[in-house]
Amino acid sequence: MELGWLLWGAAVLLLLHVLMELSPAVNFALRIGFYSLLCLLASALTAPVCLLVNGGRTVKNMRIIKTVVKTFKYFFGLRFEVKGLENFKVEGPAIIVSNHQSILDMMGLMEILPDDCVQVGKKELMYAGTVGLIIYLGGVIFINRKSTSSAKIVMAEVAKSMATDNVKVWVYPEGTRNCTGDLLPFKKGAFHLAVQAQVPVIPVVYSSFTSFYNPKENLFTSGKIKVEVLPPIETKGLTSDDVSDLTDRCFHIMRETLFRLSGSPTSCAGALCCPGAPEPS
């Protein structure tokens with residue numbers, strides 16, 4: 001009986017391997033499924049550790065979560081090439097902004113996440129099973145993107161806690177995932193927050209995933225991700241009248257860096273090089 005089960009198991013694994021080789025759609029679905037399962041299982045196992053070590057919801061849990069998530073890259077053959085980590089070493093709080101490409105961003109985030117840094121995420125993530133639980137325990141700040149007034153209240157509270165708790169805040173200014181190989185226009189919330197708190201903005205850029213990850217083409221293979229932490233942009237002395245210029249400045253710096261890291265010409269326009277990508281406003 002045991003031999004029979006072993007043979008059946010081997011046959012199923014062999015079939016899956018053949019299907020993955022023959023069908024990009026099957027390969028993509030299985031890899032995404034495995035990634036999702038890995039996230040759920042790792043979260044379920046890590047949550048009790050966070051509770052035992054730190055007693056509840058705190059940004060200190062991010063050290064534990066980071067240690068676990070940094071192992072994920074080995075399952076998927078991903079390599080990170082990181083530059084500029086010294087730019088995180090600013091005194092006091094800061095706003096960190098980065099491009100947002102896919103569900104794989106979590107691996108890139110945890111690869112370089114500095115200590116005492118909380119993330120801003122959409123409220124819906126709270127209901128993502130054990131993943132929602134672990135990011136809640138890690139101190140992620142949840143925002144209701146459908147309610148502008150609610151989001152503004154939350155961000156105002158963040159500005160206050162940044163000073164009292166001396167934490168950095170990580171924001172995705174595009175507001176949603178974007179796997180076109182270009183940047184979406186930035187929302188101004190993070191930059192309003194930086195000016196209000198008079199703290200520097202630290203841009204972080206990840207090279208495009210499109211060479212190894214593209215849902216539209218059922219592409220999910222191994223690959224290398226270049227990451228660059230850019231020098232902080234000071235906001236001391238700036239007012240709300242300067243937010244638009246600050247947003248535009250950060251957008252253009254990050255866009256040029258994205259093209260450079262991804263090997264795209266800096267003159268590339270999203271609509272030309274990345275079909276479906278909008279032009280920045």
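Mentor: Axes are lines fitted to C-alpha atoms, for helices over the stretch in contact (heavy atoms within 4.5 Å), with angles running from 0 to 180 degrees between N-to-C directions. You're looking at a predicted model, where local features need pLDDT of at least 70 and side-chain atom pairs count only at pLDDT 80 or more, while totals for chains, interfaces and linings use all residues. Residues are numbered from 1 along each chain as its sequence is written, and side-chain values use heavy atoms, leaving out hydrogens and water.

Trainee: Okay, how many helices and strands does the protein chain have?
Mentor: Both kinds of element are DSSP runs numbered from the N terminus: helices are H or I with at least four residues, strands are E with at least two. On that basis, the secondary structure of the protein chain comes to 10 helices and 9 strands.

Trainee: And what share of its residues counts as buried?
Mentor: Buried means under 20% relative accessible area, exposed means over 50%, and partly exposed lies in between (1.4 Å probe, protein chains only). The chain has 281 residues. The share of them that counts as buried is 45%.

Trainee: Of the contacts with a separation of 6 or more, what share comes from residues 24 or more positions apart?
Mentor: Take the contacts in the protein chain whose partners are separated by 6 or more. Within that set, the share from residues 24 or more positions apart is 75%.

Trainee: Which residue of β9 is the bridge partner of Val 204?
Mentor: Strand β6 (residues 201–206) also pairs with β9, over 3 bridges and in the antiparallel sense. In this case the partner of Val 204 is Val 229.

Trainee: How many residues of β9 are buried?
Mentor: Strand β9 spans residues 223–229 and is mostly covered. The buried count for β9 is 5 of its 7 residues.

Trainee: Which residues of α8 make the contact with α9?
Mentor: Helix α8 (residues 189–197) packs on helix α9 (residues 243–262) at an angle of about 120 degrees, and their axes are 9 Å apart. From α9 come Val 243, Leu 246, Thr 247 and Cys 250. The α8 side supplies Phe 191, His 192 and Val 195.

Trainee: And which residues of α6 are in the contact with α2?
Mentor: Here the axes come within 8 Å and cross at roughly 35 degrees. The α2 side includes Cys 39, Leu 40 and Ser 43. The α6 side is Thr 130, Val 131, Leu 133, Ile 134 and Leu 137.

Trainee: What separates the C-alpha atoms of Leu 41 and Thr 130?
Mentor: Leu 41 lies in helix α2 (residues 24–54), and with a relative accessible area of 48% it is partly exposed. Leu 41 and Thr 130 are 89 residues apart along the chain, yet the separation of their C-alpha atoms is 7.8 Å.

Trainee: How far apart in space are Lys 123 and Asn 144, C-alpha to C-alpha?
Mentor: Lys 123 sits in the loop between β3 (117–122) and α6 (129–137), and is partly exposed at 36% relative accessibility. Beyond its neighbours within four places in sequence, Lys 123 is in contact with Phe 142, Ile 143 and Asn 144. Lys 123 and Asn 144 are 21 residues apart in sequence, and their C-alpha distance is 5.3 Å.

Trainee: Last one: what is phi of Asn 166?
Mentor: Asn 166 is in the loop between α7 (148–165) and β5 (168–171), and it is partly exposed, at 44% relative accessible area. Its phi is positive in a residue other than glycine, with a value near 55 degrees.

Terms used: Two strands pair if DSSP finds at least two bridges between them.
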